[in-house]
Amino acid sequence: MSYEFRDYPDREMLAIDLANMIAGELRAQLGHSDRVSLAVPGGTSPGPIFDALSATSLDWDRVDVLLGDERWVPETSERSNTRLLRERLLTGKAAAARLLPLYSEAGTPEEKLEELAEAIRPSLPLGVVLLGMGADLHTASIFPGADRLEEALSADAPILLPMRAPGAPEPRVTLTAPVLDGALSKHVLIFGTEKREALEKAKGLSPQEAPINAVLDQAVVHWAE
């Protein structure tokens, strides 16, 4: 397994460079495909990258945007990643992109999972995926110790899985490892010394111990303090 590690002097430079790189990759893929897909993480860390991307001139009406994972909460919830996505990425020029949701109104993910997955299927393989990583080495909602970890890592995993993990207050829905790893271009965003050290410790660990290792091969890791 090999990946490229890019070390930036500050987060602002990282955001600008990474946004330009993602836009360039999407633009190149649009040169030979009718539509392309972009999968992104939730949380606040990618916000500045979303801000830069949303101002970029691109054929956004030919881009399908989706989250790598989502909490099973409606957009009205402050814990909704979709809400953040609409506020930071699907605005400005990028408002023309098509959102592929990972949540639909129902009591549990299992009730809507197949319907959500089938809407994503035509957009595979993913064109560009941007992933985050936790200090526990999880990515998307593929957590060490999660109830369906083995299934999410399996080569024949479905597109989406519901995931429940210790410490997570609500169920989540996640793209599975082969879907994320199968993207034409992969980027991982990490900030701070703790996560850089965690990434170093992941070397040699199994994906069960370090789920990030299931998607790192041929990825570009972007780091700033």
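Trainee: What makes the side chains of Glu-170 and Arg-79 a salt bridge?

Mentor: Their N to O distance is 2.8 Å. A salt bridge needs a side-chain nitrogen of Lys or Arg within 4 Å of a carboxyl oxygen of Asp or Glu, so the pair qualifies. The two residues are 91 apart and link distant parts of the chain: Glu-170 sits in the loop between β7 (160–163) and β8 (172–175), and Arg-79 in the loop between β4 and α3 (81–88).

Trainee: What do these values rest on?

Mentor: This is a predicted model, in which local features need pLDDT of at least 70 and side-chain atom pairs count only at pLDDT 80 or more, while totals for chains, interfaces and linings use all residues. Residues are numbered from 1 along each chain as its sequence is written, and side-chain values use heavy atoms, with hydrogens and water left out.

Trainee: How do you know whether Glu-170 is buried or exposed?

Mentor: Its relative accessibility is 12%. Buried means under 20% relative accessible area, exposed over 50%, and partly exposed in between (1.4 Å probe, protein chains only), so Glu-170 is buried.

Trainee: How many salt bridges does the structure hold, and what makes Arg-6 and Asp-17 one of them?

Mentor: There are 18. In the case of Arg-6 and Asp-17, the closest N and O atoms are 3.8 Å apart, which meets the cut-off. Arg-6 belongs to strand β1 (residues 4–7) and Asp-17 to helix α1 (residues 11–30), so the bridge ties together parts 11 residues apart in sequence. Helices and strands are DSSP runs numbered from the N terminus (helices H or I with at least four residues, strands E with at least two).

Trainee: Why are Arg-6 and Asp-17 put in their accessibility class?

Mentor: Arg-6 has a relative accessible area of 28% and Asp-17 has 30%, so each is partly exposed.

Trainee: How do you know that Lys-112 forms a salt bridge with Glu-115?

Mentor: The closest N and O atoms of this pair are 3.8 Å apart. Lys-112 has a relative accessible area of 21% and is therefore partly exposed.

Trainee: Why is Asp-64 called buried?

Mentor: Asp-64 has a relative accessible area of 2%, so it falls in the buried class. The residue lies in strand β3 (residues 63–67).

Trainee: What makes the pairing of the Asp-64 and Arg-35 side chains a polar contact?

Mentor: The distance is 2.8 Å. A polar contact is a pair of N or O atoms within 3.5 Å; within protein, one atom must be able to donate a hydrogen and the other to accept it, and residues adjacent in sequence count only if both atoms are side-chain atoms. Using contact in the sense of heavy atoms within 4.5 Å, and leaving aside neighbours within four places in sequence, Asp-64 touches residues including Arg-35, Arg-98 and Ser-123.

Trainee: What accessibility does Leu-26 have?

Mentor: Leu-26, in helix α1, has 0% relative accessibility and therefore counts as buried. Beyond four places in sequence, its contacts include Val-36, Leu-58, Trp-60 and Val-128. The C-alpha atoms of Leu-26 and Val-63 are 8.2 Å apart, although 37 residues separate them along the chain.

Trainee: Which peptide bond is cis from Leu-124?

Mentor: The bond from Leu-124 to Pro-125, with omega near -5 degrees. Pro-125 is in the loop between α4 (113–120) and β6.

Trainee: What is the phi of Ala-140, and what is that of Gln-218?

Mentor: Ala-140 has a positive phi of about 50 degrees although it is not a glycine, and Gln-218, also not a glycine, has a positive phi of about 70 degrees. Ala-140, in the loop between β6 and α5 (149–153), is buried at 11%. Gln-218, in the loop between α7 (193–201) and β10 (220–224), is exposed at 58%.
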